[in-house]
Amino acid sequence: APGPRGYTTLRDEAVKLFNSLQQLESERDPVPLMQGVLQTCLDLPPLVDEIYCQLVKQTTEPPAPGGQGDLHYWQLLTCMSCTFLPSPPVLRFLRFHLDRRTESRFPSSEMAQYSCFIREALGKTKGRQCVPSLEEILVLMRRQEMVCTVHCPGAPACSVAISSHTTAEEVARELVSRLGLSQSPNLFALYEQSRRREQPVASATLLADVLTRFE
């Protein structure tokens, strides 16, 4: 049946996503296309397994292992692993693909480095409320962390390195330690502030989702 937000049937959307993956191989700036694929998966959860399977297929016996087109697929797979968990059968197959087809065959390659990053991410990913921001996609493509700036009352702004899995509670705890407030009886929390509102960030909220909302 037709999906929400003007989507067509799941079958048609799966074909569109496959066409997007084909385009990704030669795209000079793949970030917007990657974000579009991720957004479709967020809006249509049944397609998450479909995209994982398509990416496994595209990274199996590629014509040019480690080439630009091949690495674009690995980069999207990296973003997927930090955003969605596949179903248990697909997750088992994906881990086999990462371990036996990639890391064992190309142990010192950049593909193996992406594979290792993905395996670690899959152990931490619990699901996202938002797809990664453009900035987050860029740092994930380099297998790096983001830098989040937190403005503290009575103190200069603090820069904190975060991953796609870092929660507001973890950052608040780190800042309390940095500011020497560990023995304080007060409670501390992060707030997000925009022109329209200011509200506390729930302790379990992923800061990456907050940054996407700002974007």
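The structure is a predicted model, in which local features need pLDDT of at least 70 and side-chain atom pairs count only at pLDDT 80 or more, while totals for chains, interfaces and linings use all residues. Residues are numbered from 1 along each chain as its sequence is written, and side-chain values use heavy atoms, with hydrogens and water left out.

The secondary structure of the chain comes to nine helices and four strands, where helices (H or I, at least four residues) and strands (E, at least two) are DSSP runs numbered from the N terminus. Read along the sequence, these elements follow the pattern α-α-α-α-α-α-α-β-β-α-β-β-α. The C-alpha trace spans about 60 × 45 × 35 Å along its principal axes. The accessible surface of the chain, computed by the Shrake-Rupley method with a 1.4 Å probe and, for residues, with only the protein chains shown counting as cover, comes to about 11,900 Å², of which 52% belongs to carbon and sulfur atoms. Of the 215 residues, 45% count as buried; buried means under 20% relative accessible area, exposed means over 50%, and partly exposed lies in between (1.4 Å probe, protein chains only). Contact means heavy atoms within 4.5 Å, and among contacts between residues at least 6 apart in sequence, 65% join residues at least 24 apart.

The domain assignment gives domain 1 (10-141) and domain 2 (146-214), with bounds that come from an automatic or database domain assignment. The C-alpha centres of domain 1 and domain 2 lie 29 Å apart, and the contact takes 15 residues from domain 1 and nine residues from domain 2. In an unreviewed entry, the UniProt annotation "domain: Ras-associating" covers residues 144-215, and for "domain: FERM", also from an unreviewed entry, UniProt lists residues 146-215. UniProt positions are given in the numbering used here, feature names are shortened, and annotations may be inferred rather than shown by experiment. Over residues 144-215 the chain is 26% helix and 22% strand, and the end C-alpha atoms are 19 Å apart.

Several buried positions show how the elements pack. Ser20, placed in helix H1 (residues 10-24), is buried with a relative accessible area of 17%, and, leaving aside residues up to four places away in sequence, Ser20 touches Leu33 and Val37. Pro132 is found in the loop between helix H6 (110-122) and H7, where its relative accessible area of 0% makes it buried. Not counting residues up to four places away in sequence, Pro132 touches Gln35, Leu38, Thr83, Ile137 and Thr212. In helix H9 (residues 207-214), Leu207, Ala208, Asp209, Val210 and Thr212 are buried, and the buried residues of H9 pack against helix H7 (134-141), strand S1 (146-150), strand S2 (158-162), H8 and S3.

Side chains of opposite charge can pair when their charged atoms come close. A search of the whole structure finds 10 salt bridges, a salt bridge being a side-chain nitrogen of Lys or Arg within 4 Å of a carboxyl oxygen of Asp or Glu. Arg105 forms a salt bridge with Glu61, the closest N and O atoms being 2.7 Å apart. Because Arg105 lies in the loop between helix H5 (88-103) and H6, and Glu61 in the loop between helix H3 (47-58) and helix H4 (68-81), the pair ties together parts that are 44 residues apart in sequence. Arg105 is partly exposed, with a relative accessible area of 46%, whereas Glu61 counts as exposed at 57% relative accessibility. In another salt bridge, Glu192 is joined to Arg213, with the closest N and O atoms 2.9 Å apart. Glu192 lies in strand S3 and Arg213 in helix H9, so this pair links parts that are 21 residues apart in sequence. Glu192 counts as buried at 8% relative accessibility, while Arg213 counts as partly exposed at 36%. Arg128, Glu136 and Asp209 are linked in a network of salt bridges.

On the surface, Leu179, Leu181 and Phe188 form a nonpolar patch with about 230 Å² of accessible area together. Patches are made of residues with over 30% relative accessible area and no salt bridge, like charges being joined within 9 Å and nonpolar side chains (Val, Leu, Ile, Met, Phe, Trp, Tyr) within 5 Å. Phe188 has its place in the loop between helix H8 (168-178) and strand S3 (191-193), and counts as partly exposed at 39% relative accessibility.
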